[in-house]
Amino acid sequence: FGSWGQGNAPDLTTLAGVMALFDSKGGAVLGWTHYLAFDLFIGMWIARDADQKGFSRIVQLPFLFLTLMVGPIGLLTWLIVRDRRSREQAKAAAKAK
């Protein structure tokens, strides 16, 4: 991580500090690994959750693609759709009684 070991680590509470982290090869690898881990973990969770709730793979595809490309937005859209479907099913079950 360059010269950070000598007491001049970037301040990660500022945008400039975070940008400085990605200026080094080590920082870029660290960030890239973090993003990949998030995307893969969340994508796997979305796929399993969707399977349990009866969503087809074709329906899952846009959410998984969004998660791969823009992680948190894919997760947020899945959670919105998941919640709406759950509410619709609860209303239908209440009407059936």
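1. A residue is called buried when its relative accessible area is under 20%, exposed when it is over 50%, and partly exposed in between, with a 1.4 Å probe and protein chains only. Asp49 counts as buried because its relative accessibility is 5%. Asp49 is placed in helix α2, helices being DSSP runs of H or I with at least four residues, and strands runs of E with at least two, numbered from the N terminus. Leaving out residues up to four places away in sequence, Asp49 touches Trp78 and Arg82, where contact means heavy atoms within 4.5 Å.

2. Basis of the note. This is a predicted model, in which local features need pLDDT of at least 70 and side-chain atom pairs count only at pLDDT 80 or more, while totals for chains, interfaces and linings use all residues. Residues are numbered from 1 along each chain as its sequence is written, and side-chain values use heavy atoms, with hydrogens and water left out.

3. Overall architecture. The protein has three helices and zero strands, and the order of its elements from the N terminus is α-α-α. Of its 97 residues, 22% count as buried. Among contacts with a separation of 6 or more, 43% join residues 24 or more positions apart. The protein exposes about 7300 Å², and 68% of that area comes from carbon and sulfur atoms; accessible areas come from the Shrake-Rupley method with a 1.4 Å probe, and for residues only the protein chains shown count as cover.

4. Helix α2. The expected span of a helix is 1.5 Å times one less than its number of residues. For the 28 residues of α2 this gives 40 Å, and the end C-alpha atoms are 40 Å apart, which agrees. The buried residues of α2 are Gly27, Gly31, Asp39, Ile42, Gly43, Ile46, Ala47, Asp49 and Ala50. These buried residues pack against α1 (15–21) and α3. An α-helix has 3.6 residues a turn, so residues three or four places apart point the same way. After α2 comes Gly54, with a positive phi near 85 degrees.

5. The nonpolar core. Seven residues form the largest nonpolar core: Ile42, Ile46, Ala50, Phe55, Phe63, Leu75 and Trp78. The elements contributing two or more residues to this core are α2 (25–52) and α3 (57–96). Such a core is a set of buried Ala, Val, Leu, Ile, Met, Phe, Trp, Tyr and Cys residues joined through side-chain atoms within 4.5 Å.

6. Asp39 and Thr67. Which residues does Asp39 contact, leaving aside its neighbours within four places in sequence? They are Thr67, Leu68 and Gly71. Asp39 lies in helix α2 and counts as buried because its relative accessibility is 12%. Thr67 is found in helix α3 and is buried, with a relative accessible area of 1%. Not counting residues up to four places away in sequence, Thr67 touches Asp39, Ile42, Gly43, Ile46, Gly74 and Leu75.

7. Aromatic pairs. The whole structure holds two aromatic pairs. Phe55 and Trp78 form an edge-to-face pair, 4.9 Å centre to centre with 75 degrees between the planes. This pair links distant parts of the chain, with Phe55 in the loop between α2 and α3 and Trp78 in helix α3, 23 residues apart. Phe63 and Trp78 also form an edge-to-face pair, 5.4 Å centre to centre with 70 degrees between the planes. Rings of Phe, Tyr and Trp (its six-membered ring) pair if their centres lie within 6.5 Å; planes under 30 degrees apart count as stacked, over 60 as edge-to-face and the rest as tilted.

8. The aromatic cluster. Phe55, Phe63 and Trp78 form one aromatic cluster. Trp78 is buried, with a relative accessible area of 0%. Phe55 counts as buried at 11% relative accessibility, and Phe63 counts as buried at 11%. The charged end of Arg85 sits over the ring of Phe55, 4.1 Å from its centre; the criterion is that NZ of Lys or CZ of Arg is within 6 Å of the ring centre and within 35 degrees of the ring normal.
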